[in-house]
Amino acid sequence: MTSRRHSLLFKPLLKPFLKFLSKLLLKPVSKPLLKSMLKHLSILYLITALIPAAITAAEIAPKTPRLADEAQRLFNTHQSSILQIRVIELTSGNKASIGSGFLINSNGLIATNFHVISNSVHHPDRYRLEYVKADNTTGDLSLVDIDVVHDLAIVRSDIRDTTPLTLGSSDLSKGTKIFSLGNPHDLGLSIVEGTYNGLLEKSLFDKIFFSGSLNPGMSGGPTLNRQGHVVGINVSTAGNQLSFLVPVNYLKILTDNAETVDKTPIDHFDQRIEQQLRQHQSLYIKQLVASDWPTTQLGPFTLPGAISGVVKCWGNSDDNPKALIDHATSNCFSEDRIFLSQRFTTGGFAYTYDLYANKALSSVHFYNLYGANFGRTIRVNSADKEAVSNYQCHTEFVALNHKDWKIAYCARNYIKYPSLFDITVTIAMVSDNHQGLIVKLAAAGVDKESADAFTNKFINAIQYGPLSPNPAEKPSIGEGS
Amino acid sequence: MTKIIVEELNRLGHVTHRHRYHSLPIKVGRAYHNDLILSDAYVCPEHLVIDEADNGWQIEDKSNQNGVKFKRHSEHSHSNQLHSGDDIIIGRTRLRLFSPWHTVPEAHTLSVDNTLSHFISRPIIATTLIITAVFLLILNAQLASTQSLTMIKLVAANLPAFFVVLFWGGLWTFVGRTIIHRASFLPHFIAAVLLLIASLLVATLSSYIAYTLNDRTIATLFEFVFMGIAVVMLVYINLSNSTHITRSARLIISHSIAWSLLLFGLFMQYAAQPEFNPTPEYNAELKPPFAQLVPSKSPDAFLTNSEWIFQVDTDKALRTSPSENLTP
């Protein structure tokens, strides 16, 4: 089919070329001929440009099936297993949000994202769940289990007659073509081609980096390999073909667990969420505190550098000659956020350094300006009063490595998950008239033990002056690199 | 020999004219042949006659309109007999009759507040205080500036404070003019300048207290008490310079004004606080090393002392402890 199309294109181009060749060979060169030659030469250029392209296409086409066809095949085979998930607001009876999901076993279990169905988890009295299949049949869904850290949820439907998708493995090599399915913007089921680009390296939890366009509404949909096996679950996008998938392994764990849950249904999802968050933060903070931290130099200070592979650091300095004090800043943060609700994300941590040097001010004036930054803390999320309590702060002078510092340690409690807190620690050196350093540390969704351990390690790693090579004066921790 | 003194009083009870008579009777009215001629349209041309009586005077009502009323301050008065110190009201005029031997109260001793008012009104003191206030205001603005400011900007930043002080001085001058017919701007103005200086010093001291004690409450209490005392003193000086009320009345009024103003401010501050604050609140000022008067703690002690910040508000929290019996 394709080779015939190319030959049809080839014939009308070949005719004038042959005509021109015969003219050239049979007649002597004259002025009109030269004109005509030039004219035909330009055509020749076009033709020669076209011929190799036409020939290559004609040669390659029959050997491998086109990707579009592959997508078509996958779409046709699996579209019935993929559903739209709707969260219905009970009072209005209208959908409050939509997402995608897919059948994972013959008992009607459906996998989707936690963030798709989160409203019904937090407010089961205000929302219910329903599915819409490709053939427009609908039905109710009930919540079975969730994995809030990896943004996964399993719901139960009454679908029994549809073949479920097979869960494959996300152990692929970079560059593998994969296909994402879902219902973008409620426009209907669609398939998106993209490339597997490995697991995200700078992340607290595994995520597949998918070079393809995921759009709102596709969340919870499956991403398949060529064999039609699920390799990941669509979860988020950073725009411009930067999309992320949850590796299918986490879904497998959740599915296995769903069998247990079947026997003893979960009635307190708040407790389940709290337990999962607590387990996650305790594990990563433990690893963080146990690891050796590399150090970084900021002015005369030796400070924790990128303390984990998941941290991204940036730096800047003021070069305003009119400014009365010199200011350099450096900030590091982990980008991972665990979705709890539209306005409430958690997980992750951040820390910043602000170095100030007094040019020629009185110490009172210098401390006034330097202190203006002491009250500004890192904002870890935009949780509202339904989600968190007010911060409680303890402020004191603390001696760290022979210098006096003022530390404000603040924590606020998660109302639904009382063992978890957002913490901010603001630390300012107050023993020097000529320079100052403000260190800010924040972590979201940690328990008291993790918060204390992390804070303790961090504040002890703050050192004035270079790290001492003399073992007698060796600082307790903070000797990474 | 003076037989009677007749005072004309205005409606506030202040003496406007004082007449001295050597013989009685005295004819009072609007007509020009009277001994006491009143320019009050509600007084008849011949309204009354004051004549001698036992131990006082008797009044003969000659009016055909409006009549005569009495306001007696002395005891044992008969219907139309008056004694020294009693008032006659005719038309809209109040007359007070005195015998030359009427006893007057002892002189007030010059009080401390009068000497203080005089002291701060002395040109050299007033100038010094104004210059001190300007200096402190500018210093305050300069120490808070993030860039080097020109003098014009520094002055402009402090003009509102000076307008408030001017307004306060002007207000009390007006009060004084109305009540005691004496408009003395300088003591009021300088007293307000003194308050401005005091408030700058108290605020600075309070921020240092809050910094070194790591406690805003004690600093606020300190600020409240000292500002209260300063405002009481200001209002007291204002009252003594613009009214003739007694010392105890002055104290009561100045205390009520000062503390109600401060309590109102405190209440408004409390009421304006949002129920939920997404950012932490702590005493976020930093001071130079000399201001640290308490020794630093060790990190471990600090973390132990901080434990209370993790206390869960059990009223708000839906549950107090996580359930332990869930499958992982």
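**Exercise 1. Determine how many residues of chain A and of chain B are in contact with each other, and describe the interface that they form.**

Solution. In this predicted model, 69 residues of chain A are in contact with 54 residues of chain B. The next step is the area: about 5,600 Å² is buried between chain A and chain B, and carbon and sulfur atoms give 60% of that area. Turning to charged pairs, the rule finds three salt bridges across the interface of chain A and chain B. Lys448(A) forms a salt bridge with Glu307(B), and the closest N and O atoms of the two residues are 3.8 Å apart, a distance that falls within the cut-off of 4 Å. Polar contacts across the interface of chain A and chain B amount to 19 residue pairs, with both residues at pLDDT 80 or more. On the side of chain A that touches chain B, the elements giving two or more residues are helices H6 (269-290), H7 (363-371) and H8 (448-460), together with strands E21 (392-400), E22 (403-413) and E23 (421-429) of chain A. The residues of this side of chain A divide into 27 nonpolar, 26 polar and 16 charged.

**Exercise 2. Work out which residues of H7(A) are buried, and what covers them.**

Solution. Seven of the nine residues of H7(A) are buried, and the helix is thus described as mostly covered. The buried residues are Ser363(A), His365(A), Phe366(A), Tyr367(A), Leu369(A), Tyr370(A) and Gly371(A). Their cover includes, from chain A, the strands E17 (325-334), E20 (349-358), E23 and E24 (435-446), and, from chain B, helix H2 (123-144).

**Exercise 3. Place Tyr391(A) in its chain, and list its contacts beyond its neighbours within four places in sequence.**

Solution. Tyr391(A) is in the loop between H7 and E21 of chain A. Its relative accessibility is 11%, and because buried means under 20%, Tyr391(A) counts as buried. When neighbours within four places in sequence are left aside, Tyr391(A) is in contact with Val380(A), Cys410(A), Ala411(A), Arg412(A), Asp422(A) and Thr424(A), and also with Pro278(B), Thr279(B) and Pro280(B) of chain B.

**Exercise 4. Check whether the span of helix H5 (residues 216-242) of chain B agrees with its number of residues, and examine the start of the helix.**

Solution. At 1.5 Å a residue, the 27 residues of H5(B) should span 39 Å. The C-alpha atoms at its ends are 38 Å apart, which agrees with that expectation. At the start of H5(B), a side-chain oxygen of Asp215(B) reaches to within 2.9 Å of the backbone nitrogen of Thr217(B).

**Exercise 5. Locate the cis peptide bond that joins Leu24(B) to its partner.**

Solution. The partner is Pro25(B), and omega of this cis peptide bond is about -5°. Pro25(B) lies in the loop between strands E2 (15-21) and E3 (26-29) of chain B.

How values were computed
Residues are numbered from 1 along each chain as its sequence is written. Chains are lettered from A and ligands numbered from 1 in the order in which they are written. This is a predicted model: local features need pLDDT of at least 70, side-chain atom pairs count only at pLDDT 80 or more; totals for chains, interfaces and linings use all residues. Side-chain values use heavy atoms; hydrogens and water are left out. The expected span of a helix is 1.5 Å times one less than its number of residues. A polar contact is a pair of N or O atoms within 3.5 Å; within protein, one must be able to donate a hydrogen and the other to accept it, and residues adjacent in sequence count only if both atoms are side-chain atoms. Contact means heavy atoms within 4.5 Å. Buried area is the accessible area (1.4 Å probe) that two parts lose on being put together, summed over both. A salt bridge is a side-chain nitrogen of Lys or Arg within 4 Å of a carboxyl oxygen of Asp or Glu. Ala, Val, Leu, Ile, Met, Phe, Trp, Tyr, Cys and Pro count as nonpolar, Asp, Glu, Lys and Arg as charged, and the others, Gly among them, as polar. Buried means under 20% relative accessible area, exposed over 50%, partly exposed in between (1.4 Å probe, protein chains only).
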